[in-house]
Amino acid sequence: MSCTISPVPSISRIDGSTIERADLTHHLQDLMDSAQVTGMALSIINHNEPIYQRAFGLANAETGDSLRTDQLFYAASFSKAVFAYLVAQLVEEGQLDLDKPLQEYLNHPLPEIPFEKDWRGYGDLTDDPRYTQITARMCMNHTTGFPNWRWMTREFDFDPDGKIRILFEPGARYSYSGEGISLLQFVVEQISGQGLEELAQERIFLPLNMQMTSYIWQERFEGRYCLGHRADQSLIPKDREDEAGAAGSMETTLEDYTRFVQHIMQLVQDSSPVTRLMFAPQVRIQSRHQFGASSWEDTDAHDDIQLGYGLGWGILQTPHGWGAFKEGHDDGFQHYSIIFPEQHIGIILMTNSDNGESIFKYVLEKGIGDVYTPWEWERYIPFDAKH
């Protein structure tokens, strides 16, 4: 798939307006400077082609190296969006049933299965039979009842106990969970007899020419990555993953991830059963925020956009058609992507800065006219609104 950048000077936005490329570049640079965002790489897609693709700022604030669109970012939870596509393929092929309890795919009770690293196991669920209710659909729409990670409390604070547990009846409500994705990864690997990296390379990365994308660190990546930065611009040491994790171990470049998003948008245009499955709304989201103690408080504040979740992607509705979004967030790396398939428009933001999310609202509005992303729910508080 081509990733050639169009020479057309103006960029179409979802409300029918346009913005000149030079004007957008100037605006983005001002935002970067004002918010002290170390580096940002951005693609805007019009008619399923990247019409604007550019890197701003630094790959390494200490050395002063400029960021490039072909440099590796730690992708964080963009990993889940790719896994969702893999899962949807397996479902469409009949290898995986979204509503069959995952326990039924295993030869032994989940709590009794030994893991090489004990802390990854599920022994703590021995006396909680609700694990037998969890399905692939629940894992992909974040309704398993698991916390985000076992070392987090219900309020998303650190839990030194680190025991896996079920916080509510599986299927009852949305609550973002990397643990749910990890459980489904384990089951998919048992069903297929292949590891996640092997499956992803075979089905996604190689076919889409995503040569600089992997769920595990590759030798060819050395010297070709950007570093994460804290809010004060200090560096965060590079972590090289040696285990594939569907919930968040992927490395990718803006160019590669743009190819993936282009492919997904094309599948939607082609009425692919895989993307129909991925983007069918599964659960409505009523929580005040996605994370933190207020994620347990319900509100009707998002009813106007019908905020919900499909399989691995968030879903929303606008006067200009539906949108599908996915975030990525970890120390030093903050990302966001959203597509509006009916308008043939999408945007991918990748930053190597803990200040990155503070400009997302403005970038989305200026770049593609997206005033619908629930930035307050995401806690993307603008830099000039902070006190």
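1. Leaving aside residues up to four places away in sequence, phenylalanine 325 touches Leu307, Trp313, Gly314, Ile315, Leu316, Tyr336, Ser337, Ile338, Trp377 and Glu378. Please keep in mind as you look around that this is a predicted model.

2. Where does phenylalanine 325 sit? Its place is in strand E13, which covers residues 321–330. Phenylalanine 325 counts as buried because its relative accessibility is 0%, and the cut-off for buried is under 20%.

3. Is lysine 361 buried or exposed? Its relative accessibility is 17%, so lysine 361 counts as buried; the cut-off is under 20%. The side chain of lysine 361 makes a polar contact, at 2.9 Å, with the side chain of glutamate 365. Not counting residues up to four places away in sequence, lysine 361 also touches Trp375 and Pro382.

4. Now for the backbone of two residues. Asparagine 48 is not a glycine, yet has a positive phi of about 65°. You will find asparagine 48 in the loop that runs between strand E3 (39–46) and strand E4 (49–60). With a relative accessibility of 8%, asparagine 48 counts as buried.

5. The other one is arginine 379. Here too phi is positive, at about 65°, although arginine 379 is not a glycine. Its place is in the segment after helix H9 (375–378).

6. Helix H5 (residues 196–205) deserves a look as a whole element. H5 is mostly covered, with 8 of its 10 residues buried. Which residues are these? The buried ones are Leu196, Glu197, Leu199, Ala200, Gln201, Arg203, Ile204 and Phe205. As for what covers them, the list includes helix H2 (78–92), helix H4 (178–192) and helix H6 (254–269).

7. Stepping back to the overall fold, the protein has 9 helices and 15 strands. Its radius of gyration is 20 Å, close to the 21 Å that the globule rule gives for 387 residues, so the protein is as compact as a globular protein of that length. The C-alpha trace spans about 60 × 45 × 45 Å along the principal axes.

8. What share of the protein is buried? Of the 387 residues, 59% count as buried. For contacts between residues at least 6 apart in sequence, 66% join residues that are at least 24 apart.

9. Last, the surface and the charges. The accessible surface of the protein comes to about 15600 Å², and carbon and sulfur atoms account for 46% of that area.

Definitions and conventions
Residues are numbered from 1 along each chain as its sequence is written. This is a predicted model: local features need pLDDT of at least 70, side-chain atom pairs count only at pLDDT 80 or more; totals for chains, interfaces and linings use all residues. Side-chain values use heavy atoms; hydrogens and water are left out. Helices (H or I, at least four residues) and strands (E, at least two) are DSSP runs, numbered from the N terminus. The radius of gyration is taken over C-alpha atoms; the globule rule is 2.2 Å times the number of residues to the power 0.38. Buried means under 20% relative accessible area, exposed over 50%, partly exposed in between (1.4 Å probe, protein chains only). Contact means heavy atoms within 4.5 Å. Accessible areas come from the Shrake-Rupley method with a 1.4 Å probe; for residues, only the protein chains shown count as cover. A polar contact is a pair of N or O atoms within 3.5 Å; within protein, one must be able to donate a hydrogen and the other to accept it, and residues adjacent in sequence count only if both atoms are side-chain atoms.
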